[in-house]
Amino acid sequence: MNLNSWFQKGLTKDEYIGQMTKNKEGMVSIFERFELDNKDKKKLEALQSKNLKAIVLTEDWCGDAMLNNPVLLRIAEAANMEVRFVLRDQNLELMDQYLTNGTSRAIPIFIFIDQEGNEVGVWGPRATEIQALVDKGRAELPDKDAPDFQEKQLAFYKSLGKSYQNDASIWQTVANSIIPVLL
């Protein structure tokens, strides 16, 4: 299937949010509170004539999707870019074309296409600075066979999720990472 066909198969923003059960509140909350600065809006408005579209490989249970998808939606508003959400677990044929490091089905993955369905850029699953934050937190966890590993891992991911939902500087970091892929 070509990328335009995948785009057509995808869910609209409202359809995606409507079917969410796990991270809906967090995603909507970030979307409602995140605003692009005027400098970024101007850059993105210049892209409106390109009529770009975005395919988002995602799943509701993914904390990174909860963070990154609403930031993309604000970027898409400024660039007048249509966005469609394709659920990873039901669409492995597409996901397997966009593996992280050639092996991982990490999400979200944003595939930017032109009107003809040609890929013009890919982003994901995390901004470099956010990946460094995750790597640092994981490095501080005890060994996987330690008795408190699962407890410490759960606490780390819970803390990270709270940061994702409440730290506006993280939202801006994500935007700063996505925008150059479009320019």
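User: Which residue stands opposite Ile 55 in β2?
Analyst: Ile 55 stands opposite Arg 84 in β2. Strands here are DSSP runs of E with at least two residues, helices are runs of H or I with at least four, and both are numbered from the N terminus. This is a predicted model, where local features need pLDDT of at least 70, side-chain atom pairs count only at pLDDT 80 or more, and totals for chains, interfaces and linings use all residues. Residues are numbered from 1 along each chain as its sequence is written, and side-chain values use heavy atoms, with hydrogens and water left out.

User: In which sense do β1 and β2 pair, parallel or antiparallel?
Analyst: Strand β1 (residues 53-58) and β2 pair in the parallel sense, over six bridges. Two strands pair if DSSP finds at least two bridges between them.

User: What about β1 and β3?
Analyst: β1 and β3 pair in the antiparallel sense over five bridges. Lys 53 stands opposite Ile 113 in β3.

User: How many residues of β1 are buried?
Analyst: Six of the six, so β1 is largely enclosed by the rest of the structure. Buried means under 20% relative accessible area, exposed over 50%, and partly exposed in between (1.4 Å probe, protein chains only). Lys 53, Ile 55 and Leu 57 are on one side of β1, and Ala 54, Val 56 and Thr 58 on the other. In β2 (residues 82-87), five of the six residues are buried.

User: New topic. How many aromatic pairs are there?
Analyst: The count comes to five. Rings of Phe, Tyr and Trp (its six-membered ring) pair if their centres lie within 6.5 Å; planes under 30 degrees apart count as stacked, over 60 as edge-to-face and the rest as tilted. The pair of Phe 34 and Trp 171 has its centres 6.4 Å apart and its planes at 85°, so it is edge-to-face.

User: Where do Phe 34 and Trp 171 lie?
Analyst: Phe 34 lies in the loop between α3 (24-33) and α4 (38-45) and Trp 171 in helix α9 (residues 168-182), so the pair ties together parts that are 137 residues apart in sequence. Phe 34 and Trp 171 are both buried.
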